[in-house]
Amino acid sequence: MNELLKLLLLFSVGSVAGFINVMAGGGSTLTLPALIFLGMESSLANGTNRVAIFIQNISAVISFKQENFSQFKFSLKLAAITLPGAIIGALISVNISNEAFKKILACIMIGIIFTLIIPKSKKDNLKNGEDYNPWLVYPALFGIGFYGGFIQAGVGFLIMAALHHLVRLNLLHVNMHKVFIISFYTIPAIIIFAVTKNINWIYGLILAGGMAFGAWWAAKLAVKKDEKFIRVILLIAMFIMALKLLKVF
């Protein structure tokens with residue numbers, strides 16, 4: 001495969017992954033195999049993918065803002081809690097296998113699928129996160145930050161579960177905060193991968209262009225559609241990713 005075809009492949013896969021990541025999560029299960037398919041070592045693919053993840057989520061944040069849908073102060077508060085865990089996770093990610101984490105994540109997502117199917121009461125529809133238990137939320141976000149810094153693939157599902165069930169936000173607001181949180185904690189992860197020379201900047205930026213394109217339109221669609229639409233996309237994406245992580249196909 002010549003270089004131009006490789007770049008077109010990355011942009012195309014990135015566009016689909018960016019859309020999926022904003023609407024639900026799991027886009028990295030498309031981009032990471034694509035990077036490895038192009039001949040990258042797993043650690044290099046992991047680091048290169050972070051460049052695209054960062055730009056994708058910045059694109060989504062801007063798109064939400066243009067739709068007059070943002071709560072930056074609360075988003076920053078949530079993101080700051082994930083930061084220490086993300087730094088620790090990124091520091092050890094270049095040396096430790098993620099196979100066990102993938103199996104654990106698959107089991108977690110299957111559990112989340114069942115909780116999303118169960119109808120929720122009106123008290124779960126809060127929009128501003130004005131009533132939650134910090135003793136539950138803070139450790140959960142720290143752990144999610146660690147996982148995001150370590151592996152990244154599927155972290156969107158975990159953030160959505162935490163914000164939806166622990167902070168009791170509806171799924172539209174969850175998506176809005178999710179993209180801000182990921183963009184924030186990805187910054188130190190990129191620095192760590194760059195210092196250890198685990199980033200291919202050309203591939204990362206091309207992939208980022210595709211993911212930013214997909215994320216831009218996903219954010220606009222998320223605001224225009226109701227929560228039921230987002231819930232269906234989330235359930236389908238989670239189910240497919242869980243089967244993939246368990247190596248069903």
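**Reading the aromatic cluster, core and patch**

Analyst: In this predicted model, Phe184 has a relative accessibility of 24% and therefore counts as partly exposed, since that class begins where the buried class, under 20%, ends. Ring pairs join Phe184 with Phe72 and Phe180 in a cluster.

User: Is Phe180 buried or exposed?

Analyst: The cut-off for buried is under 20% relative accessible area. Phe180 has 15% relative accessibility, so Phe180 counts as buried. Phe72, with a relative accessible area of 36%, is partly exposed.

User: How many aromatic pairs are found in the whole structure, and why is the pair of Phe72 and Phe180 tilted?

Analyst: The search of the whole structure gives five aromatic pairs. A pair is classed by the angle between its ring planes: under 30 degrees is stacked, over 60 is edge-to-face, and the rest are tilted. The planes of Phe72 and Phe180 stand at 35 degrees, with ring centres 5.8 Å apart, so this pair is tilted. Distant parts of the chain are linked by the pair, as Phe72 lies in helix H4 and Phe180 in helix H8, 108 residues apart.

User: Which class does the pair of Phe180 and Phe184 belong to?

Analyst: Phe180 and Phe184 are stacked, with 10 degrees between the planes and 6.5 Å from centre to centre. Both belong to helix H8, and because they are four residues apart, about one helical turn separates them.

User: Turning to the core, which residues have the most contacts inside the largest nonpolar core?

Analyst: A core of this kind joins buried nonpolar residues through side-chain atoms within 4.5 Å. The largest one here has 53 residues, and Val22, Phe64, Ile159 and Leu163 have the most contacts inside it. At least two core residues come from each of H1, H2, H3, H4, H6, H7, H8 and H9. Helix H8 contributes the most, with nine residues.

User: What does Val22 touch, leaving out residues up to four places away in sequence?

Analyst: The contacts of Val22 include Ala60, Phe64, Val179, Ala215, Ala218 and Ala219, together with Asn175 and Lys178.

User: Finally, which residues make the nonpolar surface patch?

Analyst: Patch residues need over 30% relative accessible area. Met1, Leu4, Leu5, Leu8 and Phe37 make a patch of about 570 Å². Helix H1, residues 3-23, supplies its largest share, three residues. Leu8 is found in helix H1, and its relative accessible area of 49% makes it partly exposed.

Terms used: Residues are numbered from 1 along each chain as its sequence is written. This is a predicted model: local features need pLDDT of at least 70, side-chain atom pairs count only at pLDDT 80 or more; totals for chains, interfaces and linings use all residues. Side-chain values use heavy atoms; hydrogens and water are left out. Patches are made of residues with over 30% relative accessible area and no salt bridge: like charges are joined within 9 Å, nonpolar side chains (Val, Leu, Ile, Met, Phe, Trp, Tyr) within 5 Å. Accessible areas come from the Shrake-Rupley method with a 1.4 Å probe; for residues, only the protein chains shown count as cover. A salt bridge is a side-chain nitrogen of Lys or Arg within 4 Å of a carboxyl oxygen of Asp or Glu. Buried means under 20% relative accessible area, exposed over 50%, partly exposed in between (1.4 Å probe, protein chains only). Contact means heavy atoms within 4.5 Å. Rings of Phe, Tyr and Trp (its six-membered ring) pair if their centres lie within 6.5 Å; planes under 30 degrees apart count as stacked, over 60 as edge-to-face and the rest as tilted.
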